[in-house]
Amino acid sequence: MNIFTIITILVVLSSIFSYINVRFLRLPSTIGLMIMAIILTLIVLLVGTFDARLTNTAENLMRSIDLGGLILDVMLSFLLFAGALHTDWGRLKEQAAPIITFATIGVLASTFVVGTLFFWVSNHLVGYEIGYIYCLLFGALISPTDPIAVLGILKKIGVPKQLEVKFVGESLFNDGVGVVIFLTLFSIAERGIENVGASEIALLFAEEVLGGVALGLALGYITLHLTRSIDDYETEVMITLAIVMGGYLLASRLHFSGPLAVVVAGLFIGNSARETAMSETTRLYLDRFWELVDVFLNAILFVLIGLELLIISFAPSYLIAGAIAIVIVLISRFLVLKTPIYFFKDKLGFVNRTDLIMTWGGLRGGISVALALSLTDDMNREYLLTVTYIVVVFSIIVQGLTVEKLIKRLGVMGAS
């Protein structure tokens with residue numbers, strides 16, 4: 001099946017599901033599309049018990065798509081930039097301390113808490129033997145909240161602004177940090193801990209994070225000067241598109257964090273360049289263009305995640321481990337959030353039970369699935385992919401559908 005046929009099928013399915021969701025279900029887009037994709041997948045699997053041809057065709061379609069590469073190397077840059085472009089830097093700066101703590105120390109701590117608990121559960125409760133380093137890889141890929149999923153839900157519910165800023169800020173930055181931690185652990189798993197020195201790990205982490213931030217600032221400054229020198233909305237929108245695509249590619253060549261680079265560039269362009277170097281017409285077209293890109297890619301992404309069920313293993317031990325992993329991830333996130341929230345609560349405004357809301361509202365999504373797909377077979381790929389998929393589906397559907405009810409029950413909806 002050629003690439004055009006695959007894209008056509010995905011666009012047609014996404015459009016049909018989106019129409020049904022808007023017309024009848026009226027759920028947040030990410031949730032509605034994933035639910036319908038999963039239902040379609042279950043129907044295909046059911047039909048496949050009578051006629052295997054349909055199931056085989058659908059499975060071949062999904063196996064022909066490099067979903068991990070598609071998300072990490074293509075979709076992620078556009079979606080992160082679109083999210084950052086519409087984020088208020090002023091509010092983000094006010095909450096910078098807790099956001100940075102959540103996105104760095106929080107992700108690192110969660111990686112080890114999740115990895116350690118999952119190692120014990122897998123080996124002693126489920127009866128699946130797995131190395132500790134591979135459990136840490138699972139901890140790294142499942143700890144970051146997905147900005148794509150989080151932003152999709154927040155658009156539909158009226159959370160307090162100070163809470164929304166923490167959600168958005170954390171989710172925009174922690175995936176970049178999470179990817180860096182994952183790549184570091186991946187290198188250790190491949191080469192062995194005895195072959196990777198502490199200085200090398202520190203250098204890799206610094207290069208990825210600091211390099212990504214520096215590149216993002218450079219891309220923002222370039223955009224500022226280019227757009228200030230002209231007044232043509234078509235060219236200016238094209239420049240932002242080139243900055244995202246070219247910047248992400250350059251980051252990968254320089255071994256910098258591409259996600260951090262596009263987030264920083266998006267914040268810079270969306271606040272500084274957008275306000276001081278672009279006309280009203282350009283701002284209008286820029287917003288509309290990136291909103292459309294965001295909606296279009298989100299639709300395809302969550303349809304793909306739903307269809308991924310076609311190639312997920314249903315081994316009983318995997319399903320049990322996945323169910324337990326849901327509890328582990330939630331408990332770990334709650335514990336990791338507790339300390340920084342307690343430390344900053346007297347200095348910054350925190351709504352009632354921020355720890356509980358951010359735990360339940362910290363959704364996982366495509367990035368976790370993509371990182372799990374990048375594992376090799378000797379890293380227990382099939383096992384960790386199934387567990388990751390279960391956590392992601394529960395996160396988006398169950399947590400995503402109930403987070404608004406939780407916020408209302410706690411009486412913080414609409415607070416400043």
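Entry 1, nonpolar patch. I looked up which element gives the largest share of the nonpolar patch, and found helix 2 (residues 29-48) with 3 residues. The model is a predicted one. I noted the patch as I39, I43, V47 and L54, making about 320 Å² of nonpolar surface. I then checked I43, which lies in helix 2.

I turned to the largest nonpolar core and read off 140 residues. Helix 9 (residues 161-191) gives the most to this core, with 15 residues. Among the residues with the most contacts inside the core I found F118, F138, W290 and Y383. I looked at W290 next: its relative accessible area is 0%, so W290 is buried. Leaving aside neighbours within four places in sequence, I listed F78, F81, A82, L85, H86, T240, L241 and V244 as the contacts of W290.

I found 14 aromatic pairs in the structure. For F119 and Y132 I noted ring centres 5.5 Å apart and planes at 80°, so this pair is edge-to-face. F119 sits in helix 6 (residues 96-126) and Y132 in helix 7 (residues 132-142), so the pair ties together parts 13 residues apart in sequence. I logged F119 as partly exposed because its relative accessibility is 28%, and Y132 as partly exposed because its value is 34%. I also checked F289 and W290: with centres 5.3 Å apart and planes at 85°, the pair is edge-to-face. F289 is partly exposed at 28% relative accessible area, whereas W290 is buried. Last, I traced a cluster in which ring pairs link F118, Y128, F138, Y318 and Y383.

Notes: Residues are numbered from 1 along each chain as its sequence is written. This is a predicted model: local features need pLDDT of at least 70, side-chain atom pairs count only at pLDDT 80 or more; totals for chains, interfaces and linings use all residues. Side-chain values use heavy atoms; hydrogens and water are left out. Patches are made of residues with over 30% relative accessible area and no salt bridge: like charges are joined within 9 Å, nonpolar side chains (Val, Leu, Ile, Met, Phe, Trp, Tyr) within 5 Å. Accessible areas come from the Shrake-Rupley method with a 1.4 Å probe; for residues, only the protein chains shown count as cover. A salt bridge is a side-chain nitrogen of Lys or Arg within 4 Å of a carboxyl oxygen of Asp or Glu. Helices (H or I, at least four residues) and strands (E, at least two) are DSSP runs, numbered from the N terminus. A nonpolar core is a set of buried Ala, Val, Leu, Ile, Met, Phe, Trp, Tyr and Cys residues joined through side-chain atoms within 4.5 Å. Buried means under 20% relative accessible area, exposed over 50%, partly exposed in between (1.4 Å probe, protein chains only). Contact means heavy atoms within 4.5 Å. Rings of Phe, Tyr and Trp (its six-membered ring) pair if their centres lie within 6.5 Å; planes under 30 degrees apart count as stacked, over 60 as edge-to-face and the rest as tilted.
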